[in-house]
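Student: I would like to learn how to read the features of a model. Please take me through them one at a time.

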Amino acid sequence: QVQLVESGGGLVQAGGSLRLSCAASGLTTSYNIGWFRQAPGKEREFVAAINWRGSSTYYRESVKGRFTISRDNAKNTVYLQMNSLKPEDTAEYYCAAARPEPYYSSNYARATNYDYWGQGTQVTVSS
């Protein structure tokens with residue numbers, strides 16, 4: 001049974017940092033991993049992604065230079081380091097896993113491309 005478990009969320013002041021973790025179990029191979037977020041009353045949106053090798057990363061424009069995605073395949077864990085947080089980063093953050101496929105460099109931002117999802121972790125940034 002595949003399970004993705006997010007952790008590391010919390011309440012932080014604007015300008016602060018958090019590191020989210022996504023621990024995967026039950027996956028028989030390395031998967032591409034994406035982070036998405038959803039704020040109340042808004043649609044889920046792509047935040048960052050990393051391919052299964054860890055050789056390519058992708059970010060939404062508003063988090064470039066502030067967020068860094070990385071992975072440790074030995075620990076089956078993907079991290080999202082979030083620095084210089086802003087109130088508009090407040091949301092529930094979800095990690096998701098997608099099977100390796102040749103078009104991931106084009107599909108990484110599509111939520112429908114992901115096969116498994118975690119339950120989410122709340123990030124709240126106060127002004």
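Tutor: Start with a definition. A salt bridge is a side-chain nitrogen of Lys or Arg within 4 Å of a carboxyl oxygen of Asp or Glu. Asp115 and Arg99 form one, with their closest N and O atoms 2.8 Å apart. This is a predicted model: local features need pLDDT of at least 70, side-chain atom pairs count only at pLDDT 80 or more, and totals for chains, interfaces and linings use all residues. Residues are numbered from 1 along each chain as its sequence is written, and side-chain values use heavy atoms, with hydrogens and water left out.

Student: Where do Asp115 and Arg99 lie?

Tutor: Elements first. Helices (H or I, at least four residues) and strands (E, at least two) are DSSP runs, numbered from the N terminus. Asp115 lies in the loop between helix H1 (104–107) and strand E10 (116–117), and Arg99 in the loop between E9 and H1, so the pair ties together parts that are 16 residues apart in sequence.

Student: Is Asp115 buried, exposed or partly exposed?

Tutor: Buried means under 20% relative accessible area, exposed over 50%, and partly exposed in between (1.4 Å probe, protein chains only). Asp115 is partly exposed at 33%. Arg99 is also partly exposed, at 45%.

Student: How many salt bridges are there by this rule?

Tutor: The count is six. One of them links Arg37 and Asp89, with the closest N and O atoms 3.0 Å apart. Arg37 lies in strand E4 (residues 32–38) and Asp89 in the loop between strand E8 (77–82) and strand E9 (91–98), so this pair ties together parts that are 52 residues apart in sequence. Arg37 is buried at 6%. Asp89 is buried at 1%.

Student: And what of Lys64 and Glu61?

Tutor: They form a salt bridge too, with the closest N and O atoms 3.2 Å apart. Lys64 is partly exposed, at 45%. Glu61 is exposed, at 60%.

Student: How do I read a disulfide?

Tutor: A disulfide is a covalent bond between the sulfur atoms of two cysteines. The cut-off here is a pair of cysteine sulfur atoms within 2.5 Å. A search of the whole structure finds one. Cys22 and Cys95 form the disulfide, with their sulfur atoms 2.1 Å apart. Cys22 lies in strand E3 (residues 18–25) and Cys95 in strand E9, so the pair ties together parts that are 73 residues apart in sequence. The torsion about the S-S bond is about 65 degrees, so the disulfide is right-handed. Both Cys22 and Cys95 are buried.

Student: Now the sheet. What makes two strands a pair?

Tutor: Strands of a sheet pair through backbone hydrogen bonds, either parallel or antiparallel. Two strands count as paired if DSSP finds at least two bridges between them. An open sheet of four strands here has the order E1-E3-E8-E7, with antiparallel pairing. Its edge strands are E1 (3–7) and E7 (67–72), each pairing on one side only.

Student: How many bridges join E7 to E8?

Tutor: Six, and the two strands run antiparallel. Thr68 stands opposite Gln81 in E8.
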